[in-house]
Amino acid sequence: MNADQLCGLLAEPSRLRTYSAIVLGASTPEQVAGSTGLAAPVVVKALQRLTKGGLIEASRDGFTADAGVFKTAVRENRPERVPLDPDPARDNVLQSFIRDGRLTHFPTYPDKYQVVLEYLVQSFEVGREYPETEVNELLNRWHPDHAALRRGLVDARLLRRENSIYTRTK
């Protein structure tokens, strides 16, 4: 079952309430009706739909919910993770701070900040001269505090600054 199917099964309030009651321990239509306040015919219809959809199971002991379908649905639809660096240790650092091509926050540990800066400096061509406005524009794509990033890159000697012209050093 994928996430769309799962959401579709639970989109109807009566099915959602019925499923919730089963998860919380109700195992018969009467118990579900009692805990949800739904009419018996509504509960029966919801139980049929949830069983047919594979979200709950019926046995001689009553109904039970399969909570594992949520994990399965999420895992099936998760895109393949593309490493940001071939070195696993560096990749873990980068994955902690970069989401969807943006720097989420600045690392507080100098070693981690250095890894992030070394990754971000790849946005610049080695040897090419950049005016400060272009540097700001490139760094704004990563994080709104382009001045802090620019200063960090210069302090880490990844960019050289001379007369408001920046050059990537390595």
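How many bridges join strand 6 to strand 7, and in which sense do the two strands run? Four bridges join them, and strand 6 and strand 7 (residues 165-168) run antiparallel.

1. Basis of the note. The model is predicted, so local features are given where pLDDT is at least 70 and side-chain atom pairs where pLDDT is 80 or more, while totals for chains, interfaces and linings use all residues. Residues are numbered from 1 along each chain as its sequence is written, and side-chain values use heavy atoms, with hydrogens and water left out. Helices (H or I, at least four residues) and strands (E, at least two) are DSSP runs, numbered from the N terminus.

2. Three strands form an open sheet in the order 5-7-6, with antiparallel pairing; two strands pair if DSSP finds at least two bridges between them. Strand 5 (129-131) and strand 6 (159-162) are at the edges with a single partner strand each, so one side of each has no neighbour in the sheet. On average, neighbouring strands of this sheet are turned by 30° against each other, direction ignored. Contact here means heavy atoms within 4.5 Å. Axes are lines fitted to C-alpha atoms, for helices over the stretch in contact, and angles run from 0 to 180 degrees between N-to-C directions.

3. Helix 8 against helix 9. Helix 8 (residues 132-140) and helix 9 pack at about 110°, their axes 9 Å apart. The two helices are therefore roughly perpendicular to each other (the term covers 65 to 115 degrees; under 35 counts as roughly parallel, over 145 as roughly antiparallel and the rest as oblique). From helix 8, Glu-132, Val-135, Asn-136, Leu-139 and Asn-140 meet His-146, Leu-149, Arg-150 and Leu-153 of helix 9. This contact of helix 8 with helix 9 has four nonpolar, three polar and two charged residues. For these classes, Ala, Val, Leu, Ile, Met, Phe, Trp, Tyr, Cys and Pro count as nonpolar, Asp, Glu, Lys and Arg as charged, and the others, Gly among them, as polar.

4. Helix 7 against helix 9. The axes of helix 7 and helix 9 come within 10 Å and cross at roughly 100°. Helix 7 and helix 9 are therefore also roughly perpendicular to each other. Tyr-113, Leu-117 and Leu-120 of helix 7 make the contact with Ala-148, Leu-149, Gly-152 and Leu-153 of helix 9. By class, the contact of helix 7 with helix 9 holds six nonpolar residues, one polar and no charged ones.

5. The buried side of helix 7. Which residues of helix 7 are buried? In helix 7 (residues 110-120) they are Val-115, Val-116, Leu-117, Tyr-119 and Leu-120. Buried means under 20% relative accessible area, exposed over 50%, and partly exposed in between (1.4 Å probe, protein chains only). These buried residues pack against helix 6, strand 3 (98-99), strand 4 (102-103) and helix 9 (146-155).

6. Asp-91. Asp-91 is in helix 6 (residues 88-97). Is Asp-91 buried or exposed? Asp-91 is buried, with a relative accessible area of 4%. Not counting residues up to four places away in sequence, Asp-91 touches Arg-81, Pro-83, Leu-84 and Asp-85.

7. Gly-101. The loop between strand 3 and strand 4 holds Gly-101, which is partly exposed at a relative accessible area of 43%. Leaving aside neighbours within four places in sequence, Gly-101 is in contact with Arg-141 and Trp-142. Gly-101 and Trp-142 are 41 residues apart along the chain, with their C-alpha atoms separated by 6.8 Å.

8. The hairpin of strands 1 and 2. Strand 1 (residues 56-59) and strand 2 (residues 62-65) pair in the antiparallel sense over four bridges, and they form a hairpin with two residues between them. Glu-57 lies in strand 1, and its bridge partner in strand 2 is Thr-64. Glu-57 is partly exposed, with a relative accessible area of 49%.
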